[in-house]
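Please examine the structure shown below.

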Amino acid sequence: MTNHRKWNYEGKVAFVTGAANGIGQTTALAFAQEGAAVVVADLLEDGAKATARMIEDQGGRALAVRCDVSRPEDVQAALTAATDKFGRLDFAFNNAGIEQPLAYTADISDETFERNLRVNLGGIFYCMKYEIPIMLKNGGGAIVNTSSGAGVVGIRGQGAYCAAKHGVIGLTKSAALEYAKDGVRINAVCPGIIDTPMIGRFTQGTEENRKRMIAQEPIGRLGRPEEIANTVLWLCSDVAGFAIGHAVVVDGGQTAGL
């Protein structure tokens with residue numbers, strides 16, 4: 001791994017969910033580049049293994065674990081594997097999530113609504129539920145939860161997704177207040193429209209739809225996964241030691257005028 005490190009997380013251990021691709025994969029790689037051992041967790045087991053191999057090929061340490069964050073037993077098992085392998089947990093990026101098919105509120109199916117809450121909000125809850133006790137034993141740590149720009153505004157056709165992502169911010173703020181004095185700092189990151197496989201599914205691979213997405217961004221482009229990863233690593237660093245309970249919006253100005 002590179003010796004030109006900004007944060008130098010040598011000897012630290014990071015747990016990243018949704019790390020098979022997109023923001024999660026990029027952030028897992030960024031933690032590894034800063035010297036941290038990384039537990040790569042994802043429901044897509046092959047994708048998690050691929051990310052772990054990328055880290056190892058660059059000289060880092062990684063453990064791939066299959067984890068469905070909506071299942072508490074999966075989360076607990078993944079974190080047990082993490083501590084069995086690396087002995088501690090310093091950072092957690094609770095990032096796994098799913099999108100919602102476009103539908104107005106009255107047309108959202110029960111299954112879609114419940115699944116969005118179960119994965120996008122319940123997954124954050126279960127991760128923190130089992131991460132926090134480990135960090136308390138270590139003497140502290142930092143957690144960053146992925147909300148969204150949809151966690152701070154309403155979006156037509158995205159009621160279930162918005163409900164879950166707003167919930168992530170409320171859960172983050174409450175937990176942050178509860179554990180701040182114990183040295184566990186908890187924040188959320190709220191990405192705008194980031195160029196990831198999820199956005200690829202939204203645009204259905206068409207240039208016309210991609211242009212529509214770009215038009216929503218005042219900066220005139222989609223965000224890059226690296227821009228979210230940099231925010232997460234900063235939030236986990238000692239430099240951000242006074243940042244507690246915040247929802248940091250990184251969206252190219254999309255919500256600035258709302």
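Q: In which strand is the place of isoleucine 186?
A: The model discussed here is predicted. Within it, isoleucine 186 belongs to a strand that covers residues 184-191. That strand is β6.

Q: Is isoleucine 186 buried or exposed?
A: Buried means under 20% relative accessible area. The relative accessibility of isoleucine 186 is 0%, so the residue counts as buried. Its contacts beyond four places in sequence include Met128, Ile132, Tyr179 and His246.

Q: What distance separates the C-alpha atoms of isoleucine 186 and isoleucine 143?
A: Along the chain, these two isoleucines are 43 residues apart. Ile143 is also among the residues that isoleucine 186 touches. Their C-alpha atoms are separated by 4.7 Å.

Q: Which residues does threonine 172 touch, not counting residues up to four places away in sequence?
A: Threonine 172 is in helix α5, residues 159-179. Its relative accessibility is 1%, so it counts as buried. Leaving out residues up to four places away in sequence, threonine 172 touches Asn145, Ile186, Asn187 and Ala188.

Q: How far apart in space are threonine 172 and isoleucine 124, C-alpha to C-alpha?
A: In sequence, threonine 172 and isoleucine 124 are 48 residues apart. From C-alpha to C-alpha, the separation in space is 8.8 Å.

Q: What span does α8 reach from its first C-alpha to its last?
A: Helix α8 has 12 residues. At 1.5 Å a residue, the expected value is 16 Å. The span in the model is close to that, at 17 Å.

Q: Which elements are included in what covers the buried residues of α8?
A: The buried residues of α8 are Pro225, Ile228, Ala229, Thr231, Val232, Leu233, Leu235 and Cys236. An α-helix has 3.6 residues a turn, so residues three or four places apart point the same way. The cover over the buried residues of α8 includes α1, β4, β5, β6 and β7.

Q: Why does serine 237 count as buried?
A: Serine 237 lies in the loop between α8 (225-236) and β7 (247-250). Not counting residues up to four places away in sequence, serine 237 touches Trp7, Tyr9 and Arg185. Serine 237 counts as buried because its relative accessibility is 2%.

Q: What is the phi of asparagine 8?
A: Asparagine 8 is in the segment before β1 (13-17), and it counts as partly exposed because its relative accessibility is 46%. Most residues other than glycine have a negative phi. Asparagine 8 is not a glycine, yet its phi is positive, at about 55°.

Q: In β2, which residue is the bridge partner of alanine 14?
A: β1 pairs with β2 (residues 37-42) in the parallel sense, over 5 bridges. Alanine 14 and Val16 point one way from β1, while Val13, Phe15 and Thr17 point the other way, and all are buried. The partner of alanine 14 in β2 is valine 38.

Q: How many residues of the lining of the second largest pocket are charged?
A: The second largest pocket has a volume of about 260 Å³. It is lined by 17 residues, of which Phe91, Gly141, Ala142, Cys236 and Asp238 are the closest to its centre. The lining divides into 7 nonpolar and 5 polar residues, and the number of charged residues is 5.

Note on methods
Residues are numbered from 1 along each chain as its sequence is written. This is a predicted model: local features need pLDDT of at least 70, side-chain atom pairs count only at pLDDT 80 or more; totals for chains, interfaces and linings use all residues. Side-chain values use heavy atoms; hydrogens and water are left out. On a 1 Å grid over the protein atoms alone, a cavity is a set of points where a 1.4 Å probe fits but cannot get out, and a pocket is an open set with protein on both sides within 12 Å along at least five of seven lines; lining residues have an atom within 4 Å of a point. Grid points are joined across faces, edges and corners, and a volume is the space filled by probe spheres set on the points. Ala, Val, Leu, Ile, Met, Phe, Trp, Tyr, Cys and Pro count as nonpolar, Asp, Glu, Lys and Arg as charged, and the others, Gly among them, as polar. Helices (H or I, at least four residues) and strands (E, at least two) are DSSP runs, numbered from the N terminus. Buried means under 20% relative accessible area, exposed over 50%, partly exposed in between (1.4 Å probe, protein chains only). Contact means heavy atoms within 4.5 Å. The expected span of a helix is 1.5 Å times one less than its number of residues. Two strands pair if DSSP finds at least two bridges between them.
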